Amino acid sequence: MRYYIIIPAHNEAAFISLTLQSLVSQSVLPAKVVVVNDNSTDKTGEIVQAFAEKHPWISLVNKTSEAIHLPGSKVIQAFQKGLETIDTNYDILVKADADLIFPNNYFETILTHFKSDDKIGMVGGFAYIEKNNDWILENLTDKDHIRGAFKAYRKACFEQIGGLKPAMGWDTVDELLCKFYNWKVVTDETLKVKHLKPTGANYNKASRYKQGEAFYTLGYGFFITTIASLKLALRKGKPLLFLDYIKGFWKAKSENKTMLVTPEQAKFIRSYRWKKMKEKLFK
(Lines give C-alpha, C1' and ligand atoms only; values in the text may rest on other atoms or scores of the structure.)
Protein backbone atom coordinates (compact mmCIF):
# COMPACT_ATOMS: atom_id res chain seq x y z
CA MET A 1 0.00 0.00 0.00
CA ARG A 2 1.23 3.48 -0.90
CA TYR A 3 0.96 6.16 1.75
CA TYR A 4 1.42 9.92 1.44
CA ILE A 5 2.07 12.26 4.39
CA ILE A 6 1.17 15.95 4.55
CA ILE A 7 2.82 17.97 7.33
CA PRO A 8 1.68 21.54 8.09
CA ALA A 9 4.58 23.44 9.71
CA HIS A 10 4.85 26.90 11.24
CA ASN A 11 8.15 27.86 12.91
CA GLU A 12 9.14 24.26 13.63
CA ALA A 13 12.90 24.61 13.11
CA ALA A 14 13.55 23.18 16.57
CA PHE A 15 11.73 19.92 15.84
CA ILE A 16 11.11 19.23 12.16
CA SER A 17 14.49 17.65 11.45
CA LEU A 18 13.68 15.04 14.14
CA THR A 19 10.29 14.40 12.56
CA LEU A 20 11.70 14.02 9.05
CA GLN A 21 14.57 11.85 10.27
CA SER A 22 12.04 9.51 11.89
CA LEU A 23 10.21 9.28 8.55
CA VAL A 24 13.43 8.62 6.63
CA SER A 25 14.09 5.79 9.11
CA GLN A 26 10.73 4.02 8.63
CA SER A 27 10.84 0.29 7.87
CA VAL A 28 8.31 1.00 5.08
CA LEU A 29 9.01 4.39 3.52
CA PRO A 30 6.25 6.80 2.47
CA ALA A 31 5.76 7.31 -1.27
CA LYS A 32 5.52 11.07 -0.67
CA VAL A 33 6.00 13.54 2.15
CA VAL A 34 4.82 17.12 1.58
CA VAL A 35 5.78 19.72 4.17
CA VAL A 36 3.72 22.91 3.97
CA ASN A 37 5.84 25.74 5.34
CA ASP A 38 3.12 28.06 6.63
CA ASN A 39 4.54 31.56 6.96
CA SER A 40 7.53 30.49 9.08
CA THR A 41 9.99 33.16 10.16
CA ASP A 42 12.67 30.68 11.25
CA LYS A 43 14.69 28.12 9.27
CA THR A 44 11.88 25.57 8.88
CA GLY A 45 11.94 25.88 5.08
CA GLU A 46 15.71 25.52 4.82
CA ILE A 47 15.73 22.40 6.99
CA VAL A 48 12.98 20.76 4.90
CA GLN A 49 14.73 21.70 1.65
CA ALA A 50 17.93 20.05 2.85
CA PHE A 51 16.00 16.80 3.45
CA ALA A 52 14.25 17.13 0.07
CA GLU A 53 17.61 17.35 -1.72
CA LYS A 54 18.64 14.00 -0.22
CA HIS A 55 15.24 12.28 -0.49
CA PRO A 56 13.27 12.98 -3.70
CA TRP A 57 10.01 11.82 -2.11
CA ILE A 58 10.11 14.75 0.33
CA SER A 59 8.93 18.11 -1.02
CA LEU A 60 8.48 21.64 0.34
CA VAL A 61 5.44 23.84 -0.32
CA ASN A 62 5.43 27.43 0.90
CA LYS A 63 2.22 29.08 2.10
CA THR A 64 1.53 32.61 3.27
CA SER A 65 -1.05 33.14 5.99
CA GLU A 66 -1.65 35.25 9.08
CA ALA A 67 0.78 34.61 11.91
CA ILE A 68 -1.98 34.21 14.52
CA HIS A 69 -2.50 30.60 15.60
CA LEU A 70 -6.15 29.59 15.64
CA PRO A 71 -6.72 25.98 16.67
CA GLY A 72 -7.93 23.85 13.80
CA SER A 73 -8.46 26.31 10.97
CA LYS A 74 -4.85 27.37 10.33
CA VAL A 75 -3.39 23.88 10.39
CA ILE A 76 -6.09 22.41 8.13
CA GLN A 77 -5.81 25.27 5.66
CA ALA A 78 -2.11 24.42 5.41
CA PHE A 79 -2.99 20.73 5.04
CA GLN A 80 -5.35 21.63 2.19
CA LYS A 81 -2.54 23.51 0.46
CA GLY A 82 -0.44 20.35 0.59
CA LEU A 83 -3.37 18.23 -0.60
CA GLU A 84 -3.65 20.40 -3.71
CA THR A 85 -0.09 19.50 -4.71
CA ILE A 86 -0.37 15.70 -4.63
CA ASP A 87 -1.83 13.18 -7.05
CA THR A 88 -4.44 10.64 -5.98
CA ASN A 89 -2.23 7.59 -6.49
CA TYR A 90 -2.22 6.67 -2.80
CA ASP A 91 -3.99 4.11 -0.65
CA ILE A 92 -3.47 5.85 2.69
CA LEU A 93 -3.29 9.58 3.41
CA VAL A 94 -1.64 10.84 6.59
CA LYS A 95 -1.90 14.23 8.27
CA ALA A 96 1.05 14.65 10.67
CA ASP A 97 2.43 17.42 12.84
CA ALA A 98 5.99 18.74 12.55
CA ASP A 99 6.95 18.06 16.18
CA LEU A 100 6.79 14.26 16.32
CA ILE A 101 9.21 11.34 16.45
CA PHE A 102 7.65 8.19 15.01
CA PRO A 103 8.99 4.76 16.01
CA ASN A 104 10.70 3.04 13.07
CA ASN A 105 7.93 0.48 12.60
CA TYR A 106 5.08 2.98 12.91
CA PHE A 107 3.81 3.05 9.35
CA GLU A 108 4.57 -0.61 8.65
CA THR A 109 2.26 -1.42 11.57
CA ILE A 110 -0.35 1.12 10.42
CA LEU A 111 -0.44 -0.48 6.96
CA THR A 112 -0.75 -3.96 8.49
CA HIS A 113 -3.91 -2.80 10.27
CA PHE A 114 -5.39 -1.36 7.08
CA LYS A 115 -4.62 -4.56 5.16
CA SER A 116 -6.32 -6.68 7.82
CA ASP A 117 -9.83 -5.29 7.25
CA ASP A 118 -11.26 -3.30 4.33
CA LYS A 119 -13.69 -1.54 6.68
CA ILE A 120 -10.93 0.09 8.73
CA GLY A 121 -11.05 3.76 7.79
CA MET A 122 -8.57 5.31 10.24
CA VAL A 123 -5.60 4.08 12.27
CA GLY A 124 -3.25 5.72 14.77
CA GLY A 125 -0.98 5.24 17.76
CA PHE A 126 -0.64 7.24 20.96
CA ALA A 127 1.13 10.50 21.85
CA TYR A 128 3.77 10.58 24.59
CA ILE A 129 5.30 13.70 26.14
CA GLU A 130 8.53 14.08 28.13
CA LYS A 131 8.12 14.71 31.83
CA ASN A 132 10.88 14.44 34.43
CA ASN A 133 13.16 12.68 31.90
CA ASP A 134 10.51 10.07 31.18
CA TRP A 135 8.06 9.66 28.27
CA ILE A 136 4.49 9.45 29.53
CA LEU A 137 1.13 9.19 27.78
CA GLU A 138 -0.28 12.62 26.84
CA ASN A 139 -3.60 11.67 28.36
CA LEU A 140 -5.99 14.22 26.85
CA THR A 141 -8.38 11.87 25.06
CA ASP A 142 -10.03 8.47 25.33
CA LYS A 143 -8.07 5.43 24.21
CA ASP A 144 -10.33 4.92 21.18
CA HIS A 145 -9.54 8.38 19.76
CA ILE A 146 -6.68 9.13 17.35
CA ARG A 147 -4.88 12.37 18.12
CA GLY A 148 -4.98 15.12 15.52
CA ALA A 149 -1.19 15.13 15.50
CA PHE A 150 -1.09 11.89 13.48
CA LYS A 151 -4.11 10.76 11.49
CA ALA A 152 -3.95 8.02 8.84
CA TYR A 153 -6.98 7.62 6.54
CA ARG A 154 -7.94 5.02 3.98
CA LYS A 155 -8.49 6.90 0.72
CA ALA A 156 -12.15 5.85 0.32
CA CYS A 157 -12.89 6.85 3.92
CA PHE A 158 -11.15 10.23 3.58
CA GLU A 159 -13.21 10.98 0.47
CA GLN A 160 -16.52 9.82 1.98
CA ILE A 161 -16.19 12.00 5.09
CA GLY A 162 -15.46 14.97 2.82
CA GLY A 163 -11.85 15.48 3.83
CA LEU A 164 -10.89 17.58 6.85
CA LYS A 165 -12.90 20.55 8.12
CA PRO A 166 -10.90 23.80 8.58
CA ALA A 167 -12.18 24.42 12.12
CA MET A 168 -11.45 23.37 15.67
CA GLY A 169 -13.07 19.99 16.17
CA TRP A 170 -11.87 18.65 12.81
CA ASP A 171 -10.06 15.77 14.54
CA THR A 172 -13.24 14.73 16.33
CA VAL A 173 -15.75 15.19 13.52
CA ASP A 174 -13.62 13.06 11.18
CA GLU A 175 -13.92 10.05 13.51
CA LEU A 176 -17.61 10.63 14.19
CA LEU A 177 -18.28 10.77 10.45
CA CYS A 178 -16.24 7.59 10.03
CA LYS A 179 -18.64 5.88 12.39
CA PHE A 180 -21.64 7.52 10.68
CA TYR A 181 -20.54 5.89 7.41
CA ASN A 182 -19.75 2.56 9.15
CA TRP A 183 -15.96 2.76 8.97
CA LYS A 184 -13.87 1.39 11.83
CA VAL A 185 -11.38 3.51 13.81
CA VAL A 186 -8.39 1.56 15.17
CA THR A 187 -5.90 2.70 17.82
CA ASP A 188 -2.74 0.73 18.59
CA GLU A 189 -1.25 1.15 22.07
CA THR A 190 2.05 -0.41 20.97
CA LEU A 191 2.74 2.60 18.72
CA LYS A 192 4.22 5.30 20.93
CA VAL A 193 4.80 8.61 19.15
CA LYS A 194 6.97 11.18 20.90
CA HIS A 195 5.15 14.54 20.90
CA LEU A 196 7.85 17.16 21.37
CA LYS A 197 5.64 20.17 22.02
CA PRO A 198 2.67 20.04 24.43
CA THR A 199 -0.75 20.34 22.83
CA GLY A 200 -2.06 23.89 22.85
CA ALA A 201 1.30 25.48 23.63
CA ASN A 202 0.76 28.17 21.00
CA TYR A 203 -2.94 28.88 21.60
CA ASN A 204 -3.62 32.52 22.40
CA LYS A 205 -6.28 33.92 24.71
CA ALA A 206 -8.68 34.55 21.83
CA SER A 207 -8.74 30.80 21.24
CA ARG A 208 -10.01 29.77 24.64
CA TYR A 209 -13.67 29.80 23.60
CA LYS A 210 -12.97 27.77 20.47
CA GLN A 211 -13.41 24.39 22.17
CA GLY A 212 -16.96 25.26 23.22
CA GLU A 213 -17.67 26.52 19.73
CA ALA A 214 -16.38 23.22 18.37
CA PHE A 215 -18.76 21.28 20.61
CA TYR A 216 -21.63 23.39 19.25
CA THR A 217 -20.67 22.94 15.59
CA LEU A 218 -20.33 19.18 16.13
CA GLY A 219 -24.00 19.11 17.09
CA TYR A 220 -23.39 17.95 20.67
CA GLY A 221 -26.14 20.00 22.26
CA PHE A 222 -25.83 21.63 25.70
CA PHE A 223 -25.91 18.57 27.98
CA ILE A 224 -23.26 16.59 26.11
CA THR A 225 -21.19 19.79 25.79
CA THR A 226 -21.36 20.30 29.58
CA ILE A 227 -20.12 16.77 30.29
CA ALA A 228 -17.43 16.90 27.58
CA SER A 229 -16.25 20.35 28.75
CA LEU A 230 -15.92 19.29 32.37
CA LYS A 231 -14.08 16.12 31.42
CA LEU A 232 -11.62 17.97 29.14
CA ALA A 233 -10.97 20.79 31.62
CA LEU A 234 -10.19 18.28 34.38
CA ARG A 235 -7.94 16.24 32.08
CA LYS A 236 -5.97 19.40 31.29
CA GLY A 237 -5.72 20.12 35.01
CA LYS A 238 -7.40 23.53 34.52
CA PRO A 239 -10.96 23.32 35.91
CA LEU A 240 -11.75 26.97 35.08
CA LEU A 241 -11.44 26.16 31.37
CA PHE A 242 -14.87 24.57 31.83
CA LEU A 243 -16.42 28.04 32.03
CA ASP A 244 -14.62 29.18 28.88
CA TYR A 245 -15.86 26.13 26.99
CA ILE A 246 -19.47 26.73 28.09
CA LYS A 247 -19.22 30.43 27.18
CA GLY A 248 -17.84 29.40 23.79
CA PHE A 249 -20.79 27.06 23.25
CA TRP A 250 -23.40 29.74 24.03
CA LYS A 251 -21.50 32.34 22.01
CA ALA A 252 -21.51 30.03 18.97
CA LYS A 253 -25.19 29.23 19.49
CA SER A 254 -26.18 32.90 19.79
CA GLU A 255 -24.20 33.71 16.62
CA ASN A 256 -25.78 30.71 14.85
CA LYS A 257 -22.36 29.43 13.78
CA THR A 258 -22.23 27.17 10.73
CA MET A 259 -22.41 23.51 11.72
CA LEU A 260 -19.67 21.06 10.71
CA VAL A 261 -22.26 18.30 10.23
CA THR A 262 -25.72 17.83 8.73
CA PRO A 263 -28.80 17.54 11.00
CA GLU A 264 -28.86 13.79 10.32
CA GLN A 265 -25.18 13.46 11.25
CA ALA A 266 -25.68 15.61 14.37
CA LYS A 267 -28.51 13.33 15.50
CA PHE A 268 -26.26 10.29 15.02
CA ILE A 269 -23.39 11.99 16.89
CA ARG A 270 -25.57 12.81 19.92
CA SER A 271 -26.89 9.27 19.99
CA TYR A 272 -23.37 7.86 19.71
CA ARG A 273 -22.05 10.13 22.49
CA TRP A 274 -24.88 9.16 24.87
CA LYS A 275 -24.26 5.50 24.12
CA LYS A 276 -20.52 5.85 24.94
CA MET A 277 -21.30 7.69 28.18
CA LYS A 278 -23.75 4.99 29.28
CA GLU A 279 -21.19 2.27 28.50
CA LYS A 280 -18.66 3.98 30.78
CA LEU A 281 -21.19 4.47 33.56
CA PHE A 282 -22.52 0.92 33.57
CA LYS A 283 -19.54 -1.21 32.54
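Colleague: Which residues have the most contacts inside the largest nonpolar core?

Modeller: Those are Ile5, Ile7, Leu20, Val33, Phe102, Phe107 and Phe150, and the core has 75 residues. A nonpolar core here is a set of buried Ala, Val, Leu, Ile, Met, Phe, Trp, Tyr and Cys residues joined through side-chain atoms within 4.5 Å. Buried means under 20% relative accessible area, exposed means over 50%, and partly exposed is in between (1.4 Å probe, protein chains only).

Colleague: Which strand gives the largest share of this core?

Modeller: Strand E1, residues 3-9, with six residues. Strands are DSSP runs of E with at least two residues, helices are runs of H or I with at least four, and both are numbered from the N terminus. In soluble globular proteins, nonpolar side chains tend to be buried together.

Colleague: Before I go on, what sort of model is this?

Modeller: A predicted one: local features need pLDDT of at least 70, side-chain atom pairs count only at pLDDT 80 or more, and totals for chains, interfaces and linings use all residues. Residues are numbered from 1 along each chain as its sequence is written, and side-chain values use heavy atoms, with hydrogens and water left out.

Colleague: Okay, back to Phe102. What does Phe102 touch?

Modeller: Not counting residues up to four places away in sequence, Phe102 touches Ser22, Leu23, Gln26, Ala96, Phe107, Phe150 and Val193. Contact means heavy atoms within 4.5 Å.

Colleague: And the whole fold, how many helices and strands?

Modeller: Ten helices and nine strands. Buried residues make up 49% of the 283 residues. Of the contacts with a separation of 6 or more, 78% are between residues 24 or more positions apart.

Colleague: What is the radius of gyration?

Modeller: The protein has 18 Å, which agrees with the value near 19 Å that a compact globule of 283 residues would have. That radius is taken over C-alpha atoms, and the globule rule is 2.2 Å times the number of residues to the power 0.38. Along its principal axes, the C-alpha trace spans about 55 × 40 × 40 Å.

Colleague: New topic: helix H7. Why is H7 described as largely enclosed by the rest of the structure?

Modeller: Because seven of its eight residues (H7 is residues 210-217) are buried. The buried ones are Gln211, Gly212, Glu213, Ala214, Phe215, Tyr216 and Thr217.

Colleague: What do they pack against?

Modeller: Helix H8 (221-235) and helix H9 (241-254). Just after H7, Gly219 takes a positive phi of about 80°.

Colleague: Where does Lys143 lie?

Modeller: In the loop between strand E7 (134-137) and strand E8 (150-154). Lys143 counts as partly exposed, at 42% relative accessibility. Leaving aside neighbours within four places in sequence, Lys143 is in contact with Phe126, Leu137, Thr187 and Glu189.

Colleague: Last one: is His195 buried or exposed?

Modeller: Buried, because its relative accessible area is 5%. His195 lies in strand E9, residues 184-195. Leaving aside neighbours within four places in sequence, the residues in contact with His195 include Asp97, Asp99, Trp135, Glu138 and Arg147.
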